[in-house]
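User: Could you walk me through one part of this structure in detail? I'd like to see how a pair of neighbouring elements sits together.

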Amino acid sequence: MTTQSTEPGPEDRKIITLARSARARNGVAEGAAVRDETGRTYVAGSVDLDSLKLSALRTAVAMAVASGAASLEAAAVVTEAAAASDEDRAAVRDLGGPGTPVLVAAPDGTVRLTVTAG
């Protein structure tokens, strides 16, 4: 995992905004969005059922895979947590590779941290 400190560009701001919207709209703990190799985005909130618990980021990656994405360009998660979990980064790495950036943003959209999935 490598930490990056660059300011997010317009496309990364877009997935942060989408992640914030999913979190707010669904009233869930986390919102996430990923962008695939063609620029398509997949947005999800965390899932917390008795029989199924998934983070928002893993759910967004699963949606991308189920829709036929071959790779990821970037991922964003909006959360109260200070960082993306190892499991979340692993899901991004599985589809996007170790260099895929994962942006971790606060609920107000402020990017706290950008790391690679690796």
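Here is the part I'd like you to go over. How do helix 2 and helix 3 cross, and which residues make the contact?

Analyst: A quick note on the ground rules: this is a predicted model, where local features need pLDDT of at least 70, side-chain atom pairs count only at pLDDT 80 or more, and totals for chains, interfaces and linings use all residues. Residues are numbered from 1 along each chain as its sequence is written, and side-chain values use heavy atoms, leaving out hydrogens and water.

Now the pair. Helix 2 covers residues 56–66 and helix 3 covers residues 86–96; their axes come within 9 Å and cross at roughly 20° (helices are DSSP runs of H or I, at least four residues, numbered from the N terminus; axes are lines fitted to C-alpha atoms over the stretch in contact, with angles from 0 to 180 degrees between N-to-C directions). That makes helix 2 roughly parallel to helix 3, a label for angles under 35 degrees.

From helix 2, the contact (heavy atoms within 4.5 Å) uses Leu 57, Arg 58, Val 61, Ala 64 and Val 65. Helix 3 answers with Glu 87, Asp 88, Ala 91, Val 92 and Leu 95. In an α-helix there are 3.6 residues a turn, so residues three or four places apart point the same way.

Back in helix 2, Ala 56, Leu 57, Thr 59, Ala 60, Val 61 and Ala 64 are buried, meaning under 20% relative accessible area with a 1.4 Å probe, protein chains only. Over in helix 3 sits Arg 89, and Arg 89 is buried too, at 8%. Just after helix 2, Gly 68 takes a positive phi of about 95°.

Methods
Helices (H or I, at least four residues) and strands (E, at least two) are DSSP runs, numbered from the N terminus. Angles under 35 degrees count as roughly parallel, over 145 as roughly antiparallel, 65 to 115 as roughly perpendicular and the rest as oblique. Buried means under 20% relative accessible area, exposed over 50%, partly exposed in between (1.4 Å probe, protein chains only).
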